Amino acid sequence: MQDFDLTIRNGTVVTATDTFAADIGVKGGQVAALARGLAAGKRDIDAAGKLVLPGGVDSHCHIEQLSSNGVMTADDFYSGTVSAAFGGTTTIIPFAAQHRGMKIRDVVADYAKRAREKAVIDYSFHLIVADPTEEALTQDLPAFIGKGITSFKVYMTYDRLKLDDYQILDVLLTAEKHGALVMVHAENHDMIRWLAKRLLDRGHTEPKFHAVSHAPLAESEATHRVIQLSRLLDVPVLIVHVSGIEAVRTIRAAQTLGARVYAETCPQYLFLKASDISRPGMEGAKFCCSPPPRDEASQNAVWAGLADGTFQVFSSDHAPYRFDESGKLPKGDKTTFKDMANGVPGLELRMPLLFSEGVGKGRIKLNDFVALTATNHARMYGLHPRKGTIAVESDADLAIWDPEKEVKIAAAMLHDNVGYTPYEGRTIKGWPEIVVNRGRVVIEGGKLQVDRGSGEFVPRGAPEPLKQERKPTTEMRLFKALIA
Ligand code: URP
Ligand code: ZN
Ligand code: ZN
């Protein structure tokens, strides 16, 4: 008979493909058995009436990150990971962000030290590549891929981060050669820059003009362009934080053609609108992120994309800034839409919001919820099957979910360091009551149960394609040999 450290009994286990009644026996931090009527563990948790889901994997969050304008996020690796855990997430993949002129190895060493000292759940990093020098492309990126950092984010906008098309082609080819995935922030820099200047010159400074300058066409143009760059090389690409109906359609059309294009969306594009940014005074700054929330047609298109598989991953893009001089309002009442830190919080509410409004309201299936919040992140980013599922020998990363619990959202109940939530006052149904990471009960009874620094870095493998990808044609193989 097995001697389990922990047994979770009588729950309904849900994975990306199956829903079944089973007990889970945990030993040495892993799932050791999955069957009915398991022996008692050193500790037993009764999950009768509860759903037992894989702990969430949030593959897009900004933690203890210096923005390109030099503003530090409100959450460090302690508050960020505590907040994630309370919301049912057990692994995060934030960014180690290079700014131009910085050496990638120094950037990674810096983020790794801070995370090691503070994180309470498991983590990895993506690299933000802002300076793809010859040294970075030929030495640093391959070296870090070898150490398990198998994804990079590149930006098509922001003065100090933006790569041009030539540089993006370099990063795409390097990623494919060494087994990494490129995530792209797709917005047309010059459209945004030009519009922002015209607006500011005419005295249009309020938060709502952020959404005007980050026009939907800026997103759809850049989305189209980076898809063509990836198709030119037949290299996969993942478009992050997709917000607008045209971008969704552009991605779907490319996928239909067989392009190796994947996509992510986030809570703000389902639950917020550009009209929120138009709230009076500076209030709208609380809803400003890039790309900005759009209109109802775009919200509906994003919901449809989640249901039909256009989107593979649902992430928070948690970019936490306080509603004060340290973040959203660096110049107080005189802050223009160009001065505000971009981003909204969402780590803790990502899963509860989608569960309530997606699964609860019949818009997505429960198994798809698991895929969108955990399994697909693990597969796309090389963590599967260790993370993102419930299976024998997987890490025991679990969220024991009460599907009936009603929660009225208030900033005061959240565990981040932001001080406000864009979702204040909404009532949602379904909440993770007990959260387990590598067999350790992290959250129980509304309290954190583990120590600062007890989370671990998880090295990642090569990305796993989620779709049956077609074989390259002979012409493409010859072309790739020519440019290799
Ligand atoms: O507004 C946002 N999303 N800020 C975070 C930076 C980014 O591009 O993801
Ligand atoms: Zn971005
Ligand atoms: Zn982001």
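Tutor: Before we start, a residue counts as buried when its relative accessible area is under 20%, and as exposed when that area is over 50%. Keep in mind that this is a predicted model.

Student: With that cut-off, is Lys-153 buried or exposed?

Tutor: The cut-off for a buried residue is a relative accessible area under 20%. Lys-153 has a relative accessible area of 1%, so the residue is buried.

Student: What distance separates the zinc ion (ligand 2) from the zinc ion (ligand 3)?

Tutor: Here the value is taken between the two ions themselves, the zinc ion (ligand 2) and the zinc ion (ligand 3). The separation is 3.9 Å.

Student: Turning to ligand 1, what share of its accessible area does the protein cover?

Tutor: There are 13 residues around ligand 1, and those that come nearest are His-62, Lys-153, His-185, Ser-290 and Asp-317. An oxygen atom of ligand 1 lies 3.0 Å from an N or O atom in the side chain of Lys-153, and an oxygen atom of ligand 1 is 3.3 Å from a polar backbone atom of Gly-343. On its own, ligand 1 has 270 Å² of accessible area, and the share of this that the protein covers is 94%.

Student: How many aromatic pairs does a search of the whole structure find, and what is the geometry of the pair formed by Phe-271 and Trp-303?

Tutor: The search of the whole structure gives 12 aromatic pairs. For Phe-271 and Trp-303, the centre-to-centre distance is 5.9 Å and the angle between the planes is 80°. As planes over 60 degrees apart count as edge-to-face, the geometry of this pair is edge-to-face.

Student: Which helices does that pair link?

Tutor: Both partners count as buried, Phe-271 at 8% relative accessibility and Trp-303 with a relative accessible area of 9%. They are 32 residues apart, so that distant parts of the chain are linked, namely helix H9 (residues 268-271) and helix H11 (residues 296-308).

Student: Which residue has its charged end over the ring of Tyr-111?

Tutor: Tyr-111 belongs to a cluster linked by ring pairs, together with Phe-77, Tyr-123, Phe-125 and Phe-457. The charged end over its ring, 4.5 Å from the ring centre, is that of Arg-114.

Student: Finally, at what distance do the side chains of Asp-395 and Arg-386 make their polar contact?

Tutor: Asp-395 is placed in the loop between helix H13 (366-380) and strand S15 (398-408), and counts as buried at 5% relative accessibility. Its side chain makes a polar contact with the side chain of Lys-387 at 2.8 Å. The polar contact that joins the side chains of Asp-395 and Arg-386 has a distance of 2.7 Å.

Methods
Residues are numbered from 1 along each chain as its sequence is written. Chains are lettered from A and ligands numbered from 1 in the order in which they are written. This is a predicted model: local features need pLDDT of at least 70, side-chain atom pairs count only at pLDDT 80 or more; totals for chains, interfaces and linings use all residues. Side-chain values use heavy atoms; hydrogens and water are left out. Donors are N, O and S atoms within 2.8 Å of the metal (3.2 Å for Na, K and Ca); water is not among the atoms, so sites may look incomplete. Buried means under 20% relative accessible area, exposed over 50%, partly exposed in between (1.4 Å probe, protein chains only). Rings of Phe, Tyr and Trp (its six-membered ring) pair if their centres lie within 6.5 Å; planes under 30 degrees apart count as stacked, over 60 as edge-to-face and the rest as tilted. Helices (H or I, at least four residues) and strands (E, at least two) are DSSP runs, numbered from the N terminus. A charge sits over a ring if NZ of Lys or CZ of Arg is within 6 Å of the ring centre and within 35 degrees of the ring normal. A residue is near a molecule or strand if one of its heavy atoms lies within 4 Å of it. A polar contact is a pair of N or O atoms within 3.5 Å; within protein, one must be able to donate a hydrogen and the other to accept it, and residues adjacent in sequence count only if both atoms are side-chain atoms. Accessible areas come from the Shrake-Rupley method with a 1.4 Å probe; for residues, only the protein chains shown count as cover.
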